[in-house]
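Please open the model in your viewer and keep the sequence beside it. The stops below say what to select next and what is to be found there.

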Amino acid sequence: MSTETTYFPSLENIKQAAANIKKVSAITPLSPSLRYSKQFQANIMLKREDLQQVRSYKIRGAYNKISSLTLEQSKNGVVCASAGNHAQGVALSCKLLKIHGTIFMPAPTPKQKVEQVKMFGEDFIEIKLIGDTFDDANAAATKECNEKQKTFIHPFNDPKVIEGQGTIGLEILEQATQPIDYVFLAVGGGGLASGLSSVFKKLSPNTKIIGVEPEGAPSMKTSIKNNKNTELDYIDKFIDGAAVKRVGDLTFSICKENLHNMITVPEGKVCETILELYNKDAIVVEPAGALSISALDFYAEEIRGKNVVCIVSGSNNDITRTPEIKERALLYANLKHYFIVKFPQRAGALREFVVDILGPEDDITFFEYAKKTNRENGSAVVGIQLKASKDLEPLISKMKSRNFYGDYLNNKPDLFQFLV
């Protein structure tokens, strides 16, 4: 049953939130991007929330919420469930406000993330690693709140959190020297989109606010389409900072009224953006932090000649994910392909494949072969990286003409998941 509400954050409350967080949240730069401006023939500006002390905007909402607690609530302490940026925002807020917090994280959370949360919270937080998934940790956090009368700090579905995130909108409008035509922002649970869009609706109503979700987790887009908050059965969790099965009831009500459009971006495109930002601009972003910029390609015609802001929401990227990010980017660019190759059981077959079938700039990146002596052909799974996507069809044609072709795996998700 829907629990929709008529709550909309007031401009006064968001301005009060800005005053509350003034000493703990940095006024992050609104930086022009020369490269993207040239590429899209527009004035592209990046709101650098990745430069916050906790490396994401989440400190804004967390601190605004925790600082609003009554004396009794503060004494009882707070609880949150998070394996990411929200946990770091809550941890730092607890330390600054001298309030005890318990942070529930799934047991498989990478050690680096656990250490970051400990660093920000120090002696004011306790971390509990519970269960295998976020849902397990969230259930344990809810139970602790109910049993010990602690306050749950929700990552997005809370008025004070929404108002805290909305302070980004105030900053952008103060920093901008020209009217803003478009703002692109990542949507996970919807807290940032709800707060910021409420500011622009009052102070810059002609600005189009475009929410951007991962293609594998379109919870807000689906809910708006259905005109009711809809929980997805399955999501791709790769873009973990913006992958939720169900958005907030508060945020859904606000976003369906305020957002000009909700779009989705393929995870592979986001990976391309992450690598581009690192290699060309020396900017480190997490997958959710790259969503807004990744959306520009899909609005290239519309934004030409316009003033555009992309919110770079965070930079807490785990370096151990780099190989997967590269792989997904190559697959999206149609440069990485996996085949079952049938090798004749004779000497020189592999050499023939490399010399006569592969192009001069093609590269074998994966090879797994099991020889079957009782068969004419032995099958191998082969991953090939191409120089250009146009080289794929000639490669397949040569494989077929010389009877090496077995199957193409990129479009077989049940098999492909074991390779990527």
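**First stop: a helix residue**

Begin by selecting L350, which is found in helix α16, residues 349-357; helices here are DSSP runs of H or I with at least four residues, strands are runs of E with at least two, and both are numbered from the N terminus. This is a predicted model, in which local features need pLDDT of at least 70 and side-chain atom pairs count only at pLDDT 80 or more, while totals for chains, interfaces and linings use all residues. Residues are numbered from 1 along each chain as its sequence is written, and side-chain values use heavy atoms, with hydrogens and water left out.

L350 is partly exposed, with a relative accessible area of 43%; buried means under 20% relative accessible area, exposed means over 50%, and partly exposed lies in between, for a 1.4 Å probe and protein chains only. If its neighbours within four places in sequence are left aside, L350 is in contact with F343 and F367, where contact means heavy atoms within 4.5 Å.

**Second stop: the loop between β2 and α3**

Now select D50, which is found in the loop between β2 and α3; β2 covers residues 43-48 and α3 covers residues 58-66. Is D50 buried or exposed? D50 is buried, at a relative accessible area of 5%. The side chains of D50 and R48 are joined by a polar contact of 2.8 Å, a term that stands for a pair of N or O atoms within 3.5 Å, of which, within protein, one must be able to donate a hydrogen and the other to accept it, and for which residues adjacent in sequence count only if both atoms are side-chain atoms. Not counting residues up to four places away in sequence, D50 touches R55, I283, V284, V312, S313, G314 and S315.

From that list, go to R55, which has its place in the loop between β2 and α3. R55 is partly exposed, with a relative accessible area of 29%. Most residues other than glycine have a negative phi.

A positive phi is also found at A282, where the value is about 55 degrees although A282 is not a glycine. Select A282 in the loop between α12 and α13, the latter being residues 287-294; at 67% relative accessibility, A282 counts as exposed.

Show helix α12, residues 267-281, together with helix α15, residues 322-332, which pack at an angle of about 115 degrees with their axes 7 Å apart; the axes are lines fitted to C-alpha atoms, for helices over the stretch in contact, and angles run from 0 to 180 degrees between N-to-C directions. The contact is made by E267, G268, K269, C271, E272, I274 and L275 of α12 and by I325, K326, R328, A329 and Y332 of α15.

Within α15, pick out Y332, which at 35% relative accessibility counts as partly exposed. Apart from neighbours within four places in sequence, Y332 is in contact with P266, G268, K269, E272 and F298. The C-alpha atoms of Y332 and V308, which are 24 residues apart along the chain, are separated by 25 Å.

Next, select helix α8, residues 159-175, and helix α9, residues 191-203, whose axes come within 7 Å and cross at roughly 45 degrees. Where do these two helices meet? In α8, I162, Q165, G166, I168, G169, L170, I172 and L173 meet G191, L192, S194, G195, L196, V199, F200 and L203 of α9.

Move to T230, whose place is in the loop between α10, residues 219-226, and α11, residues 249-258. T230 is buried, with a relative accessible area of 16%, and its side chain reaches the backbone oxygen of K228 at 2.8 Å. Leaving aside neighbours within four places in sequence, T230 is in contact with S219, T222, S223, K245 and R246.

Finish at K75, in helix α4, residues 71-76, where K75 counts as exposed at 67% relative accessibility. K75 and K150 lie 75 residues apart in sequence, and their C-alpha atoms are 8.9 Å apart in space.
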